[in-house]
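Hello,

Here is the structure I promised to send over. Please have a look, and my notes on what turned up follow below.

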Amino acid sequence: MAYQDLRAFVAALEKAGELKRVSIEVDPELEISEFADRSVKRGGPALLFEKPKGHTVPVLINAFASDRRMQIALEVDSVDSIAQRIADYLQMRMPEGILSKLKMLPMLAEVGAFFPTIVKDGPCKEVVKRDAFSLRDYPVLKCWPGDGGPFITLPMVFSNNPVTGKRNCGCYRIQIYDERTTGMHWQTHKQGADHYRRLRQEGKVTRMEAAVAIGADPATMYSAILPLPPDIDEMMIAGFLRKKPVEMVKCETVGVEVPANAEIVLEGYLELGELRTEGPFGDHTGFYSLEDDYPVFHVTCVTQRKNPIYATTIVGPPPMEDFYMGKAIERIFLPLMRMQLPEVRDICMPAEGIFHNLILVSIRKTYPGQARKVMHAIWGLGQAMFSKVIVVVDEEVDVQNVSEVAWKALNNIDPQRDIEFVMGPIDSLDHASRLANYGSKMGVDATRKWPEEGFTRRWPTVIEMAPQVRTRVDELWKKAGL
Ligand SMILES: Cc1cc2nc3c(=O)[nH]c(=O)nc-3n(C[C@H](O)[C@H](O)[C@H](O)COP(=O)(O)O)c2cc1C
């Protein structure tokens, strides 16, 4: 059964022993962060701060911050089963014969059941604040000492593509400037930024409407971070993940829809062309993102539940909560990547690589130069374009074992021959690239080299003990007193 809302998820976490209520007073300025950071690094539970200093609204943090909690969030025993569901859909072909046609029917009916529905009212409208509201009423965290202010870190930002009318939902941090004004940190490559740009180029209006929802059922919250192609509705994917359509409700003051079960909704507009300094912000690279100019969001109305929960996260030196959210993306998106690149066996984005800095890929190599083809294809694949370093290894290397990759890859390369540099788009958070958003990327072909690739020397095999000796030593081990 799909979670009705955030509080149903909280109850499930609590039942599973994955949530700790913190009943002492803790300050949203830095203190909650320190609790969350220590807890995630020690494999601790999700935390529900019942008394954030100076506030009555409780703070939920680290709700997605382990493999187990990701499974609870997405209601699966393993996120690989979602990958399998996707793979099953992708393999749907024109059925041959009446039997296979019948088998496909339930699947097709299921596809139709994922689309979001519109409802007239919802819990997110239990309280509507048109005049007397302040963003300071919410326990928004100041995460790190050098941050430019408090930031809403786990929002679902909704906007509509002015050309196609299609909805987008992205997780872009929101810096609180004052009671009714915030930053809007959608990076230039992201869909919200594209909607803004298109509207500005059209020149028909001076404002862009948007809404920021905070807290909802976990699949809906999670869908905001998914790297989907433009104009694919995150709410449809959320429906697929939770196996139940997301109910959407129209905002009070803007022409945008939000999840009806949201905890808090900020409605408002961006004045096209109005920019303001955003940041600095202790980011998921583990460094501060330096301040930069971003659009300004003016809040016109706040709607919320009677007793909302404020859902948030912190990012910082890895691993943090977002590592577990990203790991699930890696697993869920693998079948989609393999549709275009069938030679890919597995991929891994180690925590230290912060998603975009390092991607390890194993391939079944069947022709010369294939590792390079795979690198270039990944650089052309949605947000995987940001991959600063791609290391390609042969299929027998377990890319989930970073130590094995380092050992074998470093042995296998002739650096001058096997490393390739390309120029292209770079993640906005990269502080080392020569220009913001533009710089170089590196591909490492660490596969075994073939004569067809100009390598005519002999290639050695990896050392392994003879199986019969291993079995014998298994028996002798105890006898030897070890
Ligand atoms: C905790 C967290 C915070 C994020 N903050 C931002 C942000 O401030 N700006 C941004 O552009 N992307 C941010 N992202 C990444 C986007 O949510 C992600 O790239 C998403 O796919 C963008 O959606 P879009 O393709 O619909 O634009 C964040 C991701 C996470 C997990």
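Val469 sits in helix H13, which spans residues 467–479. Please keep in mind that this is a predicted model. With a relative accessible area of 36%, Val469 is partly exposed. Together with Met465, Val473, Trp477 and Leu482, Val469 makes a nonpolar surface patch of about 500 Å². Helix H13 also holds Arg472, a residue that counts as partly exposed at 47% relative accessibility. If you want a sense of distance, Arg472 and Val344 are 37 Å apart in space, C-alpha to C-alpha, and 128 residues apart in sequence.

For Gln187, a backbone N or O atom is 3.0 Å from an oxygen atom of the ligand. A polar backbone atom of Ile225 is likewise 3.0 Å from a ligand oxygen, and for Leu226 the distance from a backbone N or O atom to an oxygen atom of the ligand is 3.1 Å. On its own the ligand has 640 Å² of accessible area, and the protein covers 90% of that.

Next, the charged pairs. Side chains of opposite charge can pair when their charged atoms come close. How many salt bridges are there in this model? The count comes to 30. Here are some that I looked at:

- Arg7 and Glu263 form a salt bridge, with 2.5 Å between the closest N and O atoms. Arg7 belongs to helix H1 (residues 6–15) and Glu263 to the loop between strands S13 (257–259) and S14 (264–278), so this pair ties together parts that are 256 residues apart in sequence. Arg7 is partly exposed, at 29% relative accessible area, whereas Glu263 is buried, at 0%.
- Arg38 and Glu34 form a salt bridge with their closest N and O atoms 2.7 Å apart. Both residues lie in helix H2 (residues 31–41), four residues apart, or about one turn of the helix. Arg38 is partly exposed, with a relative accessible area of 46%, and Glu34 also counts as partly exposed, at 34%.
- Lys327 and Glu330 form a salt bridge in which the closest N and O atoms are 3.0 Å apart. These two are three residues apart in helix H9, separated by about one helical turn. Lys327 is buried, with a relative accessible area of 17%, and Glu330 is buried too, at 1%.

Salt bridges that share partners also join Asp5, Arg7, Glu263 and Arg305 into one network.

What else does Glu330 touch, leaving aside residues up to four places away in sequence? Its contacts are Ile347, Cys348, Met349 and Gln400. Helix H9, where Glu330 is found, covers residues 321–340.

Ile419 is partly exposed, with a relative accessible area of 22%. Not counting residues up to four places away in sequence, Ile419 touches Arg372, Met442, Gly443 and Val444. Ile419 and Leu266, on the other hand, are 48 Å apart in space, C-alpha to C-alpha, and 153 residues apart in sequence.

Best wishes

Key
Residues are numbered from 1 along each chain as its sequence is written. This is a predicted model: local features need pLDDT of at least 70, side-chain atom pairs count only at pLDDT 80 or more; totals for chains, interfaces and linings use all residues. Side-chain values use heavy atoms; hydrogens and water are left out. Contact means heavy atoms within 4.5 Å. Patches are made of residues with over 30% relative accessible area and no salt bridge: like charges are joined within 9 Å, nonpolar side chains (Val, Leu, Ile, Met, Phe, Trp, Tyr) within 5 Å. Accessible areas come from the Shrake-Rupley method with a 1.4 Å probe; for residues, only the protein chains shown count as cover. A salt bridge is a side-chain nitrogen of Lys or Arg within 4 Å of a carboxyl oxygen of Asp or Glu. Buried means under 20% relative accessible area, exposed over 50%, partly exposed in between (1.4 Å probe, protein chains only). A polar contact is a pair of N or O atoms within 3.5 Å; within protein, one must be able to donate a hydrogen and the other to accept it, and residues adjacent in sequence count only if both atoms are side-chain atoms.
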